[in-house]
Amino acid sequence: MIRGYAEQPSPFAGGEVTLRVSTDAPRFRVELHRCGDGLTLCEKSPWLPGADAPPHLPAHDWGRPGTGLRGEPLPAWSAYPMPAPAEPGVYVAVLVEGDESGRDRTDPDRTTADGREAKALFVVRPPRPAARILYKLPLLTYHAYNLIDGHAYDPARVAGHWCLYNMPRPEEVPGGLAPGVGLHRPGGGTGATPYDITNFDPYDPTPRQTYVHWDGPFVAWLERHGYAVDLCTDVDLHREGAELLEPYRLLVSAGHDEYWSDAMRAAVARHVAGGGNAAFFGGNTCWWRVVFHDAVTFSRVGFWHEAGAPENELIGVSFRNGGERDRDEHPVPVGFRVQHAGHWVYEGTGLRDGEVFGLAENLVGYECDGAAFDRDAGPPHVPTGADGTPPGFTILGVGDARASGWGLGNGAATMGLYTDGGTVFNAATTDWVRGLATSPAVERITANVLDRLG
C-alpha cells in the first residue's frame, strides 16, 4: 500500500514540490505525468527509501507529528522534495512501490490520472503570468468530499475517516472533534476515495469529486483546441486574492466548484468590478461558505445566501433555484431551451429560439443552478432579482428540471450572463463539460465565451 500528497498544491515551474509519502514497501519511485490532452510521462525519480506511517485525523497536517484517537503518537509522513516540472500544467505523481532488488512491485494504471491510492495531484504555475485566461481547480471541493481510504468513521470502533459530509458529533470522538478538514493529506483530486463514490454517474463511470470527472476533460479540451491558459487552485485564490487575478482577462471554473472562502469571493468580485471577466462552466457553484482555521485546515460555516450575501450577486445564479438528481434517478434528459438566439454567445451554433440543445448529453445533470423568474410569463424569461440575481442578467437558456420531476425552488437551470464592469457567464450545470465531447452547440458556445471574454 502506498499513498501520498503534494505539500505545495501549486508550486512554480522550476521551483520545488515536496511529496509526503507513506508505504510499507522498502523503496518506491515517482513518475510525474502531465495531464493535458492525455497523460504524458515527464520525469522519473530514482528509487527512494520507503517509510511507513499511519493515517492521521482529517483535520491534521499529516506532515507533522500528531495524536491518534486513542492518544497514540502519529509520526509525520516522510518528506521527499524534488524539482517541480519546468512546464506549467496539471500533474499527477504516480507512486510505484519496489522491492529490495530495485524491481517494481506494483504497476499503477498510467492511462488515467484517477486512482484510489498511489497517486497525487498538483498544479505547476508559471513563474510569471503567461496567458490571458486563468483556469482554477476546486481543491477545496475535492477535499470536502475526501474520505481517504473510503472507510467511514464508526464511533463504536473508534476507527475510520470523516469528511465534511459524514462529520461525527463531538461526543463521538475521543478528546473532542477538531474543526474542519485539511489540505495536507492524500486525496485532493486523486489518490483517495471520494465520500460519494457510490453516487455514480450513468453517463461517466469516473468518480465525481475527482479531477478526471469534470476538470480533466475540460483541461484536455482547452489544450486540444489550442487555448493558452495558466492554472491555479482555489487555495491560491484564497491566499493571494485579487492580486492573483489582476494579470488575467478571464477566470474560468468548471464542474463542481462548491466551496468558497470570503477571500476567494472578494477577489473575484473585485476582478469583475475592475473590468475582468469570469466564466463558470459548472453548477452548485459558490454554495458553501468556508473559513480557514490555519494555513491548511478549513471548515464550512453555512450557505452563502444564509449569510445575507447570496452567491447570485456574484455568479448570477444559485443552486436554490436549480436542483440535484443523484445516481440515475429521474433519468429523463434535460437540455437547454434557447432564448435570445441572436446573442453573441450563440454565434455560429445555428440554434433558434425555442430549440433545445444538450438532450443527448443530459446536459442539465447532477447539479444545476438557476435564477428566479416568473414561470407564467415569457418566454423569453426574465429574472425577477428576488434571489439576488444582478440587474441585467440575461437568461439565454432554460433547462426545466420540474418537467422531469425534480428541482429546487424555481426548478430550472438558467444559462446566462451579466455585465457590471466585467462580464460573468454561467453555464449553470455541473455536466457542461460532457457536452464538449459530443455537442457542437456546447463546444461552439464554450469557444465563443472563451474567445470573447478571454
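Reply: The UniProt annotation, from an unreviewed entry, assigns residues 80-437 to the domain "N,N-dimethylformamidase beta subunit-like C-terminal". The model examined here is predicted.

The cysteines may be taken next. The count of disulfides comes to 0, where a disulfide requires a pair of cysteine sulfur atoms within 2.5 Å. Cys232 is in no disulfide, and the nearest cysteine sulfur, that of Cys286, is 15 Å away. From the side of Cys286, the closest cysteine sulfur is likewise that of Cys232, and the distance of 15 Å is too far for a bond. Cys232 counts as buried because its relative accessibility is 1%, and buried means under 20%. Cys286, at 0% relative accessibility, therefore also counts as buried.

Cys286 deserves attention for its backbone as well. It lies in the loop between strand 16 (277-282) and strand 17 (288-292), and it has a positive phi of about 55° although it is not a glycine. His340 also has a positive phi, of about 60°, and is not a glycine either. The loop that holds His340 runs between strand 20 (336-338) and strand 21 (356-357). His340 has a relative accessibility of 34%, so it counts as partly exposed.

Two peptide bonds call for comment too. The bond from Gly378 to Pro379 is cis, with omega near 10°, and the bond from Pro379 to Pro380 is cis, with omega near 0°. Pro379 lies in the loop between strand 22 (367-370) and strand 23 (394-400), and Pro380 lies in the loop between strand 22 and strand 23 as well. These features are worth noting because most residues other than glycine have a negative phi, and most peptide bonds are trans.

Finally, there is a helix contact to describe. Helix 2 (residues 215-224) packs against helix 8 (residues 440-453) at an angle of about 70°, with the axes 13 Å apart. The two helices, helix 2 and helix 8, are therefore roughly perpendicular to each other. Helix 2 contributes Phe218, Trp221 and Leu222, which meet Glu443, Thr446, Ala447 and Leu450 in helix 8.

Terms used:
Residues numbered from 1 in each chain as written. Predicted model: local features only at pLDDT ≥ 70, side-chain atom pairs only at ≥ 80, totals over all residues. Heavy atoms only, no water. UniProt positions renumbered as here; feature names shortened; annotations may be inferred. Axes fitted to C-alpha atoms, helices over the stretch in contact; angles between N-to-C directions. Helix = DSSP H or I, 4+ residues; strand = E, 2+ residues; numbered from the N terminus. Parallel < 35°, antiparallel > 145°, perpendicular 65-115°, else oblique. Contact = heavy atoms within 4.5 Å. Buried < 20%, exposed > 50% of the residue type's maximum accessible area, 1.4 Å probe, protein only.
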